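The model is predicted.

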Amino acid sequence: MTRPIRLLLAALAFALPLSLLAGRVWIDPSTTPNAALILAELRLPRSVLALLVGGGLGAAGAAMQGYLRNPLADPGLFGIAPGAALGAVAALWFGYSASQWTVPFFALIGAGGAMALLAAIAGRTGGIALFTLAGLMVASLAGALTALAISLAPNAFAMETVVMWLNGALTDRGWSEVWIAAPLVLAGVALLRAAGPALDALTLGEAVARSLGVQPSRLLWLLLGGVGLTVGAVTAVAGIIGFVGLIVPHLVRPLTDRRPSQLILPSALAGALLVLVADSVVRLLPLMTELRLGIALSLLGAPFFLWLLVKMRRGAL
Amino acid sequence: MTLSAHDVMVPNRLAGVSLTLEAGTITAICGPNGAGKSTLLETLAGLISPHTGQVCLDAQSLTAMAPRARGRAIGYLPQAGEIAWDVPVRELVALGRMPHGDARPEPVDAALAALDLTDFASRRAQALSGGETVRVLLARVLAGEPQWILADEPLAALDLAHQLALLAYLRRAADSGTGVVLVLHDLALAMNHADRVVVLHGGRVAADGACEDALDHRVIERVWGVPARWLGEPGARALVAGPTASSR
């Protein structure tokens, strides 16, 4: 186990119990009535979901930056999150949100559709530029259709539900969301980890990577599968949560030797930590209604992105 | 052992190139800009599949080889060496072991030593100068212990001392049976250090043979379109090119 992984595991071991106790009401296990029930049925699934959401997005971001050889890359570039959002919005729009499984199910179909579209356009050649452009196209198409669905919403309530859902959050989530997300996120992270050595070789450019035996199409499928499963599952259970995949690899990179393969697992752990802490903070903020997690992370992430750009302009990145 | 191209055609780049390269020799590929030198090298490395024709390692077609087996046999160094992340030198060089699927330190150490990089092992990529970067990237090729070293302009960014050291290293590698293929712009380096020169022009082989023949001043005038004259003795030639070469 490398040093950053030990460090992050220790931080998680400290943060997880705190996040279980923290909230609008602080829980004191010895005095709070029904403490065990609240912890087991409300706080624990929410915290586990935060770990899965952050872990999936962090790993996907690290792998994407390695794949595109660009520190400003974000898993959102692939259009999988907008695809998942479109699926979920369709479910909400048509009023299929009665069962707790329907919205995530539709979101996964949307993510799968975005992945299939990407694979159909760019899967055979495995070219990175074509893949990125195809991803941007899928993202804007899904975004446009989502906007269309909002503007044509049958009533104000449907519109509000859709808009609220789009700003991702972990409120009112339970074990069912955990069971949906956990296997998909874990499988996705495993695929991204498997792509690690090829991403390392890509450090020296596409031609050298191929001369070292990397098969571009295999790498593309690993990335597509890994990012698709993690981001698709995360979006399905939590809505759109931006910037985690962008910020986290930056924070972790200085702790590693900067090889993309060495960044994936620490980024998953750091992403889990960031979302866990952020979700605890939004619960603690003294606001009338709870600040949506997606909004909070965007408020944090956008200035961070600007700071990165300034740093990059100075050539320090 | 041979690496051979059989009537290789790549649209707009190579118009039917056939040649057979022998292991244990240094072959220089020369030619004016746009002649197809880099494309030929990439095709020989198996990175470009020819439109027609084929490239064979001994009797086996490169396209039929498993990518990792090809990677173990052929080490390829492109012209524009990029390093995307600020990785320590040693980890970059160790990437050369990837086709072998091992992390043996001995070949990595040997490659670092061969290119005078032992003291740089823990330095980061972005702290390297242009010439140091080229040496690191070349060390990555050597760490893979390939049977063939295919390098595109490996000498252009090196100072004189490191050029000579690298050429001496490549000569030793060739003497021990490695096939070395270099794309070179500097015709004098090709003339003095290669065993064989292939001159490309417009995607075809314009001359192929021993250095003194393939880089004869008439070939240079025909292919590069500049008058040229060789000075000195074989093995220690200098090239005078341009109007001064014809006026004397």
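Entry 1, a core residue. I looked up the neighbours of Ala88(A), leaving out residues up to four places away in sequence, and found that Ala88(A) touches Val103(A), Phe106(A), Ala107(A), Gly110(A), Trp165(A) and Ala236(A). I then turned to the core: the largest nonpolar core has 181 residues, and Ala88(A) is among those with the most contacts inside it, together with Ala63(A) and Ala190(B).

I next examined helix H7 (residues 175-194) and helix H10 (residues 216-238) of chain A, whose axes come within 8 Å and cross at roughly 155°. Angles over 145 degrees count as roughly antiparallel, and H7(A) and H10(A) are therefore roughly antiparallel to each other. I noted the crossing of H7(A) past H10(A) as left-handed.

I listed the residues that meet. From H7(A) they include Ile180(A), Leu184(A), Gly188(A) and Leu191(A), and from H10(A) they include Leu222(A), Gly226(A), Leu229(A) and Ala233(A). Ala236(A), recorded above as a neighbour of Ala88(A), is also one of the H10(A) residues that meet H7(A). By class, I recorded 15 nonpolar, four polar and one charged residues in this contact of H7(A) with H10(A).

How many residues does the contact take from chain A and from chain B? I found 18 residues from chain A and 21 residues from chain B. On the side of chain A that touches chain B, the elements giving two or more residues are H8(A) (196-202) and H9(A) (206-211). H9(A) gives the most, with four residues. By class, I recorded seven nonpolar, five polar and six charged residues on that side of chain A.

Conventions: Residues are numbered from 1 along each chain as its sequence is written. Chains are lettered from A and ligands numbered from 1 in the order in which they are written. This is a predicted model: local features need pLDDT of at least 70, side-chain atom pairs count only at pLDDT 80 or more; totals for chains, interfaces and linings use all residues. Axes are lines fitted to C-alpha atoms, for helices over the stretch in contact, and angles run from 0 to 180 degrees between N-to-C directions. Angles under 35 degrees count as roughly parallel, over 145 as roughly antiparallel, 65 to 115 as roughly perpendicular and the rest as oblique. A crossing is left-handed if the near helix is turned anticlockwise from the far one by less than a right angle, and right-handed if clockwise. Two residues are in contact if their C-beta atoms, placed from the backbone, lie within 7 Å. Ala, Val, Leu, Ile, Met, Phe, Trp, Tyr, Cys and Pro count as nonpolar, Asp, Glu, Lys and Arg as charged, and the others, Gly among them, as polar. A nonpolar core is a set of buried Ala, Val, Leu, Ile, Met, Phe, Trp, Tyr and Cys residues joined through C-beta atoms within 7 Å. A residue is buried if 20 or more other C-beta atoms lie within 10 Å of its own, exposed if 12 or fewer, and partly exposed in between; C-beta atoms are placed from the backbone.
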